[in-house]
Amino acid sequence: MTVSDYQAIIGLEIHVQLDTKSKLFCPCSADVFQAPPNTLTCPVCSGQPGALPTLNSCAVELAILTALSLNCEISSTTRWDRKSYFYPDLPKGYQISQSDLPIGISGWFDLEHNGSIDRIHIQRVHLEEDAGKSIHHGNHALIDLNRAGVPLAEIVTEPDLRSPEQVYAFLTELRQILRYVGVSEAEMEKGAMRCEPNVSLMPHGAHELGPRTEIKNLNSLRVVRKAVTAEIQRQTEIVQRGNQVESITLGWDESTNTLFEQRKKETSDDYRYFPEPDLLPLSISSALVASLKANMPALPQQVKQKLIKDFSLSEKEVQVIVKERYIAEFFISAASIFPGKAKKVYNWITGPLFHQLRQQGLELDQSPLTPQSLVDIISMVETNVINPQTAENVLLQVLKGKGAPLQIIEQGDLRLVSDRASITNNVVAVLDENPEQVTKYRQGKTTIINWLQGQVVARMRGKADPHLIRQVLMQILEDES
């Protein structure tokens with residue numbers, strides 16, 4: 001049998017760091033990215049004897065929001081369990097998690113991919129604490145416990161995915177949802193979102209899954225796609241040789257782009273789950289769920305439909321605008337205060353604005369630019385107060401925090417000169433300085449007028465109305481021909 005005789009069956013376990021100020025069971029800061037090792041710890045998260053956990057209610061609310069965004073049913077009662085396993089960066093020797101009673105169950109997400117919509121079912125969403133981090137140097141390992149106790153929402157899908165490309169698309173859209181709802185930055189390179197694919201093979205037409213393997217702690221979309229592709233190929237080669245795939249846990253070596261075996265895959269019995277004795281079961285009221293649901297921001301698919309319906313954007317244009325919630329909100333605000341000009345707003349955002357943001361190393365939500373300021377700049381171009389080149393410079397000054405658009409224009413004396421007499425004087429001066437080009441124009445090389453216009457614009461330091469310059473140029477050249 002060849003690769004084409006088998007169907008890959010893929011389920012995902014995704015760990016998402018929730019955007020709380022403190023850890024799940026202690027007051028230590030959860031802002032651990034790039035913090036010096038072991039500087040954000042206390043007796044609770046470092047597993048000291050006698051230290052007792054205290055639940056962070058904000059983490060619970062963010063976990064509920066995560067589950068709601070994936071159409072999960074919210075449990076009215078959940079409890080905490082100890083998940084026991086030995087690992088050097090797990091200071092207590094167990095992890096506080098949720099086994100039988102997760103916060104959310106039976107969810108789903110409709111994934112648009114390659115022109116079709118596939119429903120990906122969400123088995124569960126539960127809350128747990130993170131472990132620490134092992135840092136390997138040659139034959140030595142160092143332990144950093146800053147991450148220990150950071151709140152995680154674990155999202156577990158059913159085995160509904162069928163290809164590395166579909167996995168990539170799902171994780172991309174999931175990350176977008178999590179950022180829209182505001183539960184997590186979901187930055188994989190910062191460790192705020194990690195994926196563990198479970199992969200098995202099944203012959204086409206069969207109904208029983210083959211043995212599954214798990215690939216641990218993948219921290220980029222690119223790596224997930226490469227690792228899943230490699231594992232499908234590895235399992236196929238094993239089956240082709242007439243051997244049985246073993247249920248093992250694998251790691252991914254980024255330096256060699258290869259999989260390596262870590263251990264035999266654990267089962268739930270191996271973890272010896274039992275109820276956490278230091279924490280009471282958690283009751284989740286219907287009033288809390290209703291309040292969180294009512295105040296949840298619109299999800300990306302809802303925003304897409306609004307942009308298409310209300311602002312007549314194309315599917316391709318919509319994809320650019322909805323990439324981040326703050327971009328979509330900025331566009332909607334600007335287009336709403338500038339009726340009938342949605343396409344101009346889109347072109348300015350995706351053109352000059354994105355360009356200047358890249359040049360300055362800024363994100364739109366970090367900049368002082370407001371939707372009203374962008375609309376003011378576009379309006380002043382349309383009414384010939386400034387030309388497009390000046391407008392881009394004004395936009396740059398606004399992004400640098402130099403003031404409002406009109407203030408920058410007045411202080412820099414940047415208004416277009418629309419005085420016909422002044423423009424005529426400068427046109428005449430340019431024509432007098434360039435008799436050869438004038439002759440060429442009158443001999444039929446009419447495109448030379450573009451060069452002459454550029455000379456007038458430069459002479460007037462870009463402050464003259466270009467349409468009026470051209471009009472005066474043509475009138476003088478034609479009158480004297």
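These exercises concern the sheet, the helices and the nonpolar cores of a predicted model.

The model is predicted, with local features needing pLDDT of at least 70 and side-chain atom pairs counting only at pLDDT 80 or more, while totals for chains, interfaces and linings use all residues. Residues are numbered from 1 along each chain as its sequence is written, and side-chain values use heavy atoms, with hydrogens and water left out.

**Exercise 1.** State the strand order of the open sheet of 9 strands and find its edges.

Solution. Helices (H or I, at least four residues) and strands (E, at least two) are DSSP runs, numbered from the N terminus. Two strands pair if DSSP finds at least two bridges between them. The order is S2-S6-S7-S10-S1-S11-S12-S13-S14, with mixed pairing. Strand S2 (73–74) and strand S14 (258–264) each have a single partner strand, so one side of each lacks a neighbour in the sheet.

**Exercise 2.** Describe the pairing and burial of strand S10 (residues 151–157).

Solution. Step one is pairing. Strand S1 (residues 6–17) runs antiparallel to S10 and is joined to S10 by 5 bridges; Gln17 has Leu152 as its bridge partner in S10. Strand S7 (residues 116–129) also pairs with S10 in the antiparallel sense, over 7 bridges, and Arg124 has Val156 as its partner in S10.

In S10, 7 of 7 residues are buried. Pro151, Ala153, Ile155 and Thr157 point one way, Leu152, Glu154 and Val156 the other.

**Exercise 3.** Locate Leu12 in the largest nonpolar core and list some of its contacts.

Solution. A nonpolar core is a set of buried Ala, Val, Leu, Ile, Met, Phe, Trp, Tyr and Cys residues joined through side-chain atoms within 4.5 Å. The largest has 71 residues, and Leu12 is one of those touching the most other members, as are Ile155 and Phe170. Contact means heavy atoms within 4.5 Å. Leaving out residues up to four places away in sequence, Leu12 touches residues including Ile155, Val156, Phe170, Leu171 and Cys195. A second, separate core of 43 residues includes Val303, Ile327, Ala328 and Leu357.

**Exercise 4.** Determine how helix H6 (residues 300–311) packs against helix H8 (residues 325–336).

Solution. Axes are lines fitted to C-alpha atoms, for helices over the stretch in contact, and angles run from 0 to 180 degrees between N-to-C directions. The angle is about 20 degrees, and the axes of H6 and H8 are 12 Å apart. H6 is therefore roughly parallel to H8, since angles under 35 degrees count as roughly parallel, over 145 as roughly antiparallel, 65 to 115 as roughly perpendicular and the rest as oblique. Residues in the contact include Val303 and Leu307 of H6, and Ala328 and Phe331 of H8.

Definitions and conventions: Buried < 20%, exposed > 50% of the residue type's maximum accessible area, 1.4 Å probe, protein only.
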